Amino acid sequence: MGVSRRDFIKGVAIGSLAAAGTAKANSVRRFKGYEDTTGLLYDSTLCIGCRQCEKACNEVNDLPPVEPPIGDKSVFDHKRKVSDKQYTVVNRYKKAEGNKPPVFRKHQCMHCQEPTCASVCFVSAFTKTPEGPVLYNPDVCVGCRYCVFACPYYAISYEFSDPFTPKVARCTMCYPRIKKGLKPACSEACPTGAIQYGKRKDLLELARDRIRKNPGKYVHHIFGENEYGGTSWLTIAGLPPEDLDLPKDPMYEPLPNLTTGFLSLAPIAAATIPGLLAGFYAFTKRKENLHKEELSRKLKETKKAMSIEMEEKLLKAGIEMKEALDKVHDRGAAPPAAPSGAHGSEAPDDKRG
Amino acid sequence: MTSAGEHKIKLLTPFNIISGLILLFGGIIVLLRFAKGLGYATNLNNTTAWGLWTGFKLVFVALAASGYTLTTAVYIFGMDEYHGLVRPAVLSGFLGYSLFILILIFDLGRPWRIYYPFFVQAGTTSALFEIGLCVGLYYTTQFLELTPVGFEWLGWKRWRKILKAATVAFTIFGLFLSLLHQSTLGALFLSVPGKLHPLWYSPYIPIHFFTSSAAGGISMIILIGLISKRVFGHRMEVSKDKLDKLTIGLGKAGSLALFIYFALKVVDLALGDKWHYLATGWGALYLTEVIGFVLLPCMVYAFGYRERNATLIRYTALWTVLGIIFNRLNVAVVAYNWKFPVNERYFPSWMEYVVVVFLITLGLVIFRYVSEFFPIIRHHPDFEESH
């Protein structure tokens, strides 16, 4: 018992500590992203669908060659999705019409400023680095796939076919290359300059500049500037986001904020609910006790009333008996031994005499 | 020691043969899932990473609310007349959580790391972290709540007395934990506003999950009472007339819980201004769920209570339980990725269904045989006085 109670208390302590951590995460201050963080600007109007980025990505990440091979134009007949075999894919969203070129969009992890995957992970396997990339640590991953489930961009893959060491698979924004001062592989491989790497704030200026100078060519929007709190990958295009398989009208609030508010109630609940329930229990007990007291009080009263009644009855019976005896006495000769009551009544006669 | 001596157990009953075959076949599928991976056994993919098994995780926990609802009624609010149903209710709750943990193990990519969130690296911003913590603690609490049963069976009077003394503390702790994790299971979906259909996505989904779990738990107690009476007959401590009376009382509670849940659903439609979705196909599915499996059973429960009709209340309990399953699967599977065309949508594989049937059968078999050998549905003769 000693052990189980101690474990119990320990459990409560761990729970409260964990809850306190949650509350801290839900601070009022709005995180606007790291200063001087880097990112990539993808300009859909410059993309020609050559898939050199896909090839470079698979090479740098030690993945098998892209399927189908580069040059196979049938690849654009259907929409592909990122997978554990390809962290980036380019899809075509509009065929060429007359002298208008086709419209492409490159898919990959967007590297959110405040990533949902990081906030929903119950082992904190994801880290947003000050440089920009969101990194994943497979050494702690339990494989719950909440990150894959929650990602608003469908940009995270899971190695479902691996029975023993399945991992999350996604673009790393070439973090190892960035650390060495190199550009991400896709950006370097792009022959048209559709993928620009640089400081995020500079890229935003560049994007604004392009849209301002070519109002007819671009939709007036930089996808990733504010969506779900903003992303490191920025996208500008000639089609609105929803036509490029990007979320339509997403909120600008970071997604983690939707959950932390509720989770921060846990310590409040821990502080109030047990006491409240103990109170209810006390009320129930009190009612029971009052009921019991009432019962025993009534019992006592009844007993008392009964005993008074009994005494009265006994007294009455005594008097009646005496009277009856007196009658018998009056009719006959003096009794051999008068009862004590009779003595009392004779006493005044003695005094008089 | 108790009922085993009085009642001879037949091995080759239809129940045993059918459940034995299901367990054998299901066991093979589970082995295949571990040998060949999730990709082999399930239709899960990178766009639908959670499927039928996650849906049933929610179902198992919601229906395991039988434990907290009844212990709270009896030990906190002093409804002593329900005492005879406490042990079956707590046992089925405990088994519900056992099934939850099993399906979680099948569903995790690396289940052997299940302790990592608490002992290697904690992710306290995750709803899943809170669920893991609460479920772990609540599972332990339920186990301790059941230990007096084991001590009676063993004849350890002193230990039983000690554990019995903590009943109220366990009940309070259990309700607190249930309040947290039942609602946090709903909070799992707060992070997918764009992916879950607006009729099911709600900032109030944690409250919806908690309230509906109470309705589900109450309905489960009614069904457990019925099954116990059917299987064990006169060996059950609660007489038939008394059980009918308790069932009618539970029906009243069920009606109330469903009514609160229905009111919350209507409020949610109004606050989110979601009325226009009701005219769509998704709206038809939603109305089927909320009218057909919440409002109607709520009314029939109330009618059954007024007419003192225990049979009607038992059917309504089954109806409500099916409604809870319907709701949890809608949230976790059907209404998720609602914008996808049909050919991109997830449909569970036959192996995923087999594993669910396997687990439900396992739960029933364990409930049946634990009740057979341990003092669950009847007093232990040596412990009549304080039970």
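**Entry 1: the biggest hole**

I started with the lining of the largest cavity, where α6(B) gives the most, with six residues. This is a predicted model, so I kept the limits in mind: local features need pLDDT of at least 70, side-chain atom pairs count only at pLDDT 80 or more, and totals for chains, interfaces and linings use all residues. Residues are numbered from 1 along each chain as its sequence is written, chains are lettered from A and ligands numbered from 1 in the order written, and side-chain values use heavy atoms, with hydrogens and water left out.

Helices here are DSSP runs of H or I with at least four residues, strands are E runs of at least two, and both are numbered from the N terminus. A cavity is a set of points on a 1 Å grid over the protein atoms alone where a 1.4 Å probe fits but cannot get out, and its lining residues have an atom within 4 Å of a point. Points are joined across faces, edges and corners, and a volume is the space filled by probe spheres set on the points.

I get nine cavities of 30 Å³ or more. The largest holds about 200 Å³ of space. It is lined by 17 residues, with Tyr75(B), Val86(B), Arg87(B), Glu145(B) and Lys164(B) closest to its centre. Two or more lining residues come from each of α5 (66-76), α6 (83-107), α8 (127-154), α9 (157-165) and α10 (167-187) of chain B. I sorted the lining into eight nonpolar, five polar and four charged residues; Ala, Val, Leu, Ile, Met, Phe, Trp, Tyr, Cys and Pro count as nonpolar, Asp, Glu, Lys and Arg as charged, and the others, Gly among them, as polar.

Met173(A) got a second look: its phi is positive, near 55°. It sits in the loop between β7 (168-169) and α5 of chain A. Met173(A) is buried, at 2% relative accessible area; buried means under 20%, exposed over 50% and partly exposed in between, with a 1.4 Å probe and protein chains only.

Tyr228(A) also has a positive phi, near 45°, and is buried at 7%. I found Tyr228(A) in the loop between α7 (200-213) and β9 (233-236) of chain A.

I also noted a cis peptide bond from Glu67(A) to Pro68(A), with omega near -15°. Most residues other than glycine have a negative phi, and most peptide bonds are trans.

**Entry 2: helix α13 of chain B**

I found a kink of about 25° at Leu296(B), shortly before Pro297(B). The bend is the angle between axes fitted to the seven residues ending at a residue and the seven starting there. Buried residues of α13(B) include Tyr286(B), Leu295(B) and Pro297(B). The buried residues of the helix pack against α11 (205-232), α12 (240-271) and α14 (310-334) of chain B.

Terms used:
Contact means heavy atoms within 4.5 Å. On a 1 Å grid over the protein atoms alone, a cavity is a set of points where a 1.4 Å probe fits but cannot get out, and a pocket is an open set with protein on both sides within 12 Å along at least five of seven lines; lining residues have an atom within 4 Å of a point.
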